[in-house]
Every structure is written in structure tokens, then in C-alpha cells.
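Work through the exercises below with the sequence and the structure open. Each task is followed by a solution in steps.

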Amino acid sequence: MISVRYGPLLPALVLLGLTCRPVPAGTITGTVSAKAPEPPAPDGPSGSDPYASRRYKFVERIDYDKLTDFVVNIEGSVVAPPKPTTATIVQRDATFSPHVLPIVYGTTVRWPNEDDIYHNVFSMTDAETFDLGFYKKTAEPPTTYFGKLGRVDVFCAIHTNMHCIILVLPNPYFAMADAKRRYVIKDVPAGSYRIRAWHERVPGQVKDVVVTTTGVTQVDFTLGVAELPKP
Ligand SMILES: [Cu+2]
């Protein structure tokens, strides 16, 4: 399981965007996508496609062009606790929606169940461990507060495929890519940063970026295993 880790909060505390007067700010934008590795040569005896055989016919392969839920965020620079804010992940048709939710630390997440069947919401992640028990539709859904940085995997104890991921990030400068794989992070105080592109299924990527007050900084990412160390 890939984990997202950040250093201790307090030593890294900077007053990013917290001065009294308006801070000159810019925008970071670009694309983020993932690329399939070069496939090895066909391994059948005569170069035939082994996936045609009954044994492998139903093995699902990653369609890199259809991956979604990419997140791009500025690393490291931790702001003082932001204003209390809430976000929501619903349980609908036995699916958590959204599947990936980036939040700034200090956010409270609501967990409404919109189905007529029981669901359960629990996490056994190091960053957050909780169990909200079993419940159907309720007037006031249970909530959880996320005060620690990191990746939190959340499951339902009843349904196999109910899984979602909360990325608890150190500052509000993050964005999810849209259907066209474009992301936009606005109102970033001018400065030098490292930004990370993340996807749950492929290795992330970090790039250095300088944000100026005069316009838009373009940073594109193509994720894949190509950059990982080889034996
Ligand atoms: Cu469930």
C-alpha cells in the first residue's frame, strides 16, 4: 500500500498566505495522466496471446487512459490550522462517493448513508483508526475529524468493494484533475514549491515549481512505473 507521509507539523509551520495584507498569488495548472509500461513480448510459445486462453481470459488489465481521481498538491508547506470546514463522502448504491477525497487537515468529513441497507464506515490506517458502526439513512450522519496528515483508507465491513481514500494534506493548495485530466490550483502565494501528483494505482511524481504573481505556471505530469528503481 502506498503511503503519503509528511514531516512533523510544527517545525514546518510557515505562515503561508496568512499575512494581513493581500498576498501576491498565482495559479498552477497543467495536466496529469498515467502511462502504461512498455509491454513485454508476448510469452506464448508461438507469440500467441496468452490472454486468449480460458485461464487468463478474465484477468483485468489496467486501462491507463481510463484512470481517474488524480490529485495534485503543494507539498510540505504547512499552514496554521485553517478555518473549520466540512466535506462529505456519501454511501450510495453500495459505493463511497467520491472515491478519492483530498482535504486540508482540520477538515470534518460527514458520512451520510443514502441507501436503504446498512453500511459501516471504518478505517484501520495508521493515521486514523475509527469505526462508525452500522447505520442506515439518518437525519444527522456521523462525522469524523481529520487532524493528522496522511492517507486514510476507509472501508465498509459488509460490502467487499466499498473503499475510499482520504488524503489529508498540509495546506489548501490542491486540486483533483477533471475528466480531461486538467487541474488548477488557484491563489497560490508567490514562491518556490514542490508539487506532487498522486494516483492510488501508480507511483506519484514530484516537481519543483516557481509561482509568480504575473500569471499561470504550467506543470504537466505523466505518471507510471518507469521512474521507479530497477533491480
Ligand atoms: Cu456497505
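## Exercise 1: a sheet and its order

β2 and β15 run antiparallel and are joined by four bridges. Strands here are DSSP runs of E with at least two residues, helices are runs of H or I with at least four residues, and both are numbered from the N terminus. Two strands pair if DSSP finds at least two bridges between them. The model is predicted: local features need pLDDT of at least 70, side-chain atom pairs count only at pLDDT 80 or more, and totals for chains, interfaces and linings use all residues. Residues are numbered from 1 along each chain as its sequence is written.

Solution. 

## Exercise 2: confidence and overall make-up

Task: state how many helices and strands the protein has, and give its mean pLDDT.

Solution. 
- Step 1. The protein has zero helices and 18 strands.
- Step 2. Its mean pLDDT is 86, and 85% of its residues reach 70 or more; pLDDT is the predictor's confidence in each residue, from 0 to 100.
- Step 3. Residues 1-20 have a pLDDT below 50, and this stretch has 27 contacts in the model beyond near neighbours in sequence. A contact requires C-beta atoms, placed from the backbone, to lie within 7 Å.
- Step 4. Of the contacts between residues at least 6 apart in sequence, 66% join residues at least 24 apart.
- Step 5. Of the 231 residues, 25% are buried. A residue is buried with 20 or more other C-beta atoms within 10 Å of its own, exposed with 12 or fewer, and partly exposed in between, the C-beta atoms being placed from the backbone.

## Exercise 3: the partners of β1

Task: which strands pair with β1, in the antiparallel sense and in the parallel sense?

Solution. 
- Step 1. β1 (residues 25-34) has a covered face of G26, I28, G30, V32 and A34, while A25, T27, T29, T31 and S33 form the uncovered one.
- Step 2. Six bridges pair β1 with β14 (residues 182-189) in the antiparallel sense, and I28 stands opposite I185 there.
- Step 3. Three bridges pair β1 with β17 (residues 216-218) in the parallel sense; in β17, T217 is the bridge partner of I28.
- Step 4. β18 (residues 221-223) also pairs with β1 in the parallel sense, over three bridges, with F221 as the bridge partner of V32.

## Exercise 4: the largest nonpolar core

Task: name the residues that touch the most other members of the largest nonpolar core, and say why this core lies between two domains.

Solution. 
- Step 1. A nonpolar core is a set of buried Ala, Val, Leu, Ile, Met, Phe, Trp, Tyr and Cys residues joined through C-beta atoms within 7 Å. The largest one has 39 residues, and V72 and I166 touch the most other members.
- Step 2. Elements giving two or more residues to this core include β1, β2 (71-74), β12 (163-169) and β15 (191-198). β12 gives the most, with six residues.
- Step 3. Domain 1 (21-37 + 63-77 + 175-224) and domain 2 (80-172) both give residues to this core, so it lies between them. The domain bounds come from an automatic or database domain assignment.
- Step 4. Beyond its neighbours within four places in sequence, V72 has contacts that include V32, F174, Y183, I185 and I195.

## Exercise 5: backbone exceptions

Task: where are the cis peptide bond and the positive phi values of A94 and R181 found?

Solution. 
- Step 1. Most residues other than glycine have a negative phi, and most peptide bonds are trans.
- Step 2. The bond from S97 to P98 is cis, with omega near 5°, and P98 is in the loop between β5 (95-97) and β6.
- Step 3. A94 has a positive phi of about 55° and sits in the loop between β4 (90-92) and β5. A94 is partly exposed, with 14 other C-beta atoms within 10 Å.
- Step 4. R181 has a positive phi near 70° and lies in the loop between β13 (174-176) and β14. R181 counts as partly exposed, with 17 C-beta neighbours inside 10 Å.

Definitions and conventions. Two residues are in contact if their C-beta atoms, placed from the backbone, lie within 7 Å.
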